[in-house]
Amino acid sequence: MLRVGILGCGTIAAKVADALKGSRKVRIEGVASRERAKAKKFAAAHCPDAKIFAGYEKLAKSPDIDLIYIATPNTYHYEHAILCIKEYKNVLIEKPFAMSKAEADSIFFEAKNRGVFVAEAMWTSYLPLHKTALDWIAKGRIGQVKYVTANLGYDIENVPRLNSTVLGGGSYLDLGVYTTNFALSFMGDDIKVSRVFARKDSSGIDRDTTYTMETDDGSILGNFYVTMCANTDKDGVIIGEKGKIRLTNINNYRKIALYSADDDLLDEEEVKYDFIKGYVFEFESCANAIAKGLIQAPEMPWSRTIRIAQINDIIRSMM
Ligand SMILES: NC(=O)c1ccc[n+]([C@@H]2O[C@H](COP(=O)([O-])OP(=O)(O)OC[C@H]3O[C@@H](n4cnc5c(N)ncnc54)[C@H](OP(=O)(O)O)[C@@H]3O)[C@@H](O)[C@H]2O)c1
């Protein structure tokens with residue numbers, strides 16, 4: 001059993017703690033909050049057997065924890081990752097992994113020097129239907145990929161964290177990292193950002209972001225849209241010369257469907273697990289990798305996280 005410590009008792013940490021109940025590979029061993037009372041309340045509600053840590057440092061130093069899940073706001077991921085890695089703790093860091101490629105490089109430098117496992121909690125990459133899509137493409141079921149598109153939008157404009165420049169708010173860092181990971185997964189690594197349009201508010205927060213990408217050789221185009229102002233259909237579509245793949249909800253795949261070039265349905269799969277349980281896959285991947293002595297997760301290698309961070313820098317500079 002991999003003993004997980006949660007660092008930061010917020011919204012996503014609660015969903016993750018609920019999702020991990022029943023896992024045979026991972027259990028929540030401890031929860032840390034800046035306030036003891038908050039950690040206690042969180043544990044009582046989501047993981048009653050977990051130890052309580054008042055302060056993140058105490059969790060980082062605990063000999064009872066194998067992996068720390070960093071679930072703090074975006075601008076704190078770097079600081080909290082370094083805190084844990086310096087204590088030789090393996091870490092799973094919420095997306096966006098860091099605020100810049102420079103921060104991501106520095107986290108990996110410290111981890112490599114100490115032989116510490118690090119992965120980005122880009123949970124979609126670990127989901128079974130993501131693997132199905134990669135498999136169908138590898139088997140040539142849609143032929144050469146030509147066009148990739150995805151959108152991800154939620155009506156979350158009143159969430160305080162998303163409206164805070166200090167906490168790294170905005171639509172792109174919250175949601176665009178998923179569409180960029182989708183682009184890298186299905187267009188390949190050799191892609192560039194062609195155009196970006198962001199609708200920013202007076203405080204500089206990008207409430208909606210649209211962007212286009214293309215492969216360096218110009219053979220695949222990508223078009224992406226994220227927003228914190230409306231619930232969009234969240235679909236992702238990969239169009240090839242022989243057909244297309246539609247993924248329903250690119251932030252938590254529910255269904256994948258394969259169509260011919262004439263739109264005939266050829267194959268489809270739906271998730272076979274409880275929707276909330278999707279968070280289990282990333283943690284069980286960490287458990288498997290750490291058991292094998294790896295310092296990277298195969299589904300989310302460091303090179304992918306670095307590439308996303310690099311593209312994030314470019315997109316944000318073009319807004
Ligand atoms: N994978 C997903 O599906 C998913 C979904 C939503 C969010 N996320 C990511 O998860 C991270 C956390 O998001 P969230 O929605 O859970 O945020 P949240 O509800 O605001 O919780 C963040 C937690 O971080 C801690 N924290 C430390 N310093 C803080 C500060 N200065 N201000 C506010 N909180 C601070 C707090 O925990 P304590 O008070 O206990 O110390 C707080 O509860 C973000 O990076 C976000 O992008 C991922």
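Me: What are the ground rules for numbering and confidence?
Reply: Residues are numbered from 1 along each chain as its sequence is written. In this predicted model, local features need pLDDT of at least 70 and side-chain atom pairs count only at pLDDT 80 or more, while totals for chains, interfaces and linings use all residues.

Me: What makes α4 roughly parallel to α5?
Reply: The axes of helix α4 (residues 77–85) and helix α5 (residues 101–114) come within 10 Å and cross at roughly 5 degrees. Angles under 35 degrees count as roughly parallel, over 145 as roughly antiparallel, 65 to 115 as roughly perpendicular and the rest as oblique. The pair α4 and α5 is therefore roughly parallel. Axes are lines fitted to C-alpha atoms, for helices over the stretch in contact, with angles from 0 to 180 degrees between N-to-C directions. Helices are DSSP runs (H or I, at least four residues), numbered from the N terminus.

Me: Which residues of α4 and α5 meet?
Reply: Tyr-78, Ala-81, Ile-82 and Ile-85 of α4 meet Glu-103, Ile-107, Glu-110, Ala-111 and Arg-114 of α5. Contact requires C-beta atoms, placed from the backbone, to lie within 7 Å. By class, this contact of α4 with α5 has six nonpolar, no polar and three charged residues. Ala, Val, Leu, Ile, Met, Phe, Trp, Tyr, Cys and Pro count as nonpolar, Asp, Glu, Lys and Arg as charged, and the others, Gly among them, as polar.

Me: Why are α5 and α9 called roughly antiparallel?
Reply: The axes of α5 and helix α9 (residues 302–318) come within 8 Å and cross at roughly 160 degrees. α5 and α9 are therefore roughly antiparallel to each other. The contact of α5 with α9 has five nonpolar, two polar and three charged residues.

Me: How do you know that the ligand shell lies between the domains?
Reply: Domain 1 (2–123 + 279–300) and domain 2 (128–270) both give residues to the shell around the ligand, so it lies between them. The domain bounds come from an automatic or database domain assignment. Of the 21 residues around the ligand, Gly-8, Cys-9, Gly-10, Thr-11 and Ser-33 come nearest; near means a C-beta atom, placed from the backbone, within 6 Å. Helix α1 (residues 11–20) gives the largest share of the shell, three residues.

Me: How many residues of each domain are in contact?
Reply: Seven residues of domain 1 are in contact with seven residues of domain 2. The C-alpha centres of domain 1 and domain 2 lie 26 Å apart.

Definitions and conventions
Helix = DSSP H or I, 4+ residues; strand = E, 2+ residues; numbered from the N terminus. Contact = placed C-beta atoms within 7 Å.
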